[in-house]
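Dear colleague,

Please find the structure below, handed over for your review. A short account of the findings follows it.

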Amino acid sequence: LFEPARMTSTGFRLDERLDASRAARGQLDPGDPPPPGSLVEGSPSRSEAPVGDERTLATEGWYSWGLRGAGGVLSTVEDQWRWEQMLRGDALLGPAARKKLFEPFRDQYAYGWYVLKSPRGTPWIEHGGSTGNGFEAKFTRYPKERVFFTVLGNSTGVVPWVNLSLGKLLLGEECPLPPATTALSEDELAPLAGEYEGAGGF
């Protein structure tokens with residue numbers, strides 16, 4: 001599937017053909033226990049890592065057949081766009097198979113896709129997910145509007161909100177924007193210097 005789509009930067013976790021130097025590192029929530037199999041134990045591929053260092057690099061960590069498609073695929077935004085192009089045409093799937101792919105068979109769930117209705121009454125197709133070592137992704141399509149976007153993140157809890165806001169901005173819906181930034185001088189910043197801790201230990 002990846003080769004016909006020209007997804008040259010996409011592959012499965014632990015695939016030695018992937019360039020590990022391009023891989024992101026996941027940011028776990030403070031206090032979260034490491035996911036099963038995520039601890040380095042004298043790995044020759046991570047000789048610089050002390051025993052007990054968490055395997056948060058996207059190419060590393062626990063992996064099984066059950067994760068081939070659920071958290072086991074590494075990709076880039078550019079390759080996700082190439083996948084979207086394949087979904088729009090018949091080169092990968094014929095019209096009948098493509099129709100079946102996006103046809104809900106259990107509630108709003110099709111073959112690997114949630115098929116919803118947008119505020120405009122048009123199809124809103126998406127799927128997302130996360131892994132135990134700090135990665136999230138969301139793939140969203142509005143085929144009638146010919147709109148596609150994907151959000152990839154290495155910190156849990158952020159991607160769904162960015163994805164939702166991005167969709168609203170792209171389609172002209174009301175979306176609260178971040179407050180305007182203000183430039184401060186060094187003298188103004190000096191009294192604010194220090195260590196801060198927010199909710200959840202951040």
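Of the protein's 202 residues, 31% count as buried, that is, under 20% relative accessible area with a 1.4 Å probe and protein chains only. The model is predicted, so local features need pLDDT of at least 70 and side-chain atom pairs count only at pLDDT 80 or more, while totals for chains, interfaces and linings use all residues. Residues are numbered from 1 along each chain as its sequence is written, and side-chain values use heavy atoms, with hydrogens and water left out.

The secondary structure comprises four helices and six strands, taken as DSSP runs (helices H or I, at least four residues; strands E, at least two) numbered from the N terminus. Along the sequence, their pattern is β-β-α-α-β-β-β-β-α-α.

I would draw your attention to Ser118, in the loop between strand 3 (114–117) and strand 4 (123–130). Why does Ser118 count as buried? Its relative accessibility is 6%, and the cut-off for buried is under 20%. The Ser118 side chain makes a polar contact with that of Thr122 at 2.7 Å; such a contact is a pair of N or O atoms within 3.5 Å, where one must be able to donate a hydrogen and the other to accept it, and residues adjacent in sequence count only if both atoms are side-chain atoms. Leaving aside residues up to four places away in sequence, Ser118 touches Trp124, Tyr142 and Glu145, with contact meaning heavy atoms within 4.5 Å.

Yours sincerely

Conventions: Buried < 20%, exposed > 50% of the residue type's maximum accessible area, 1.4 Å probe, protein only.
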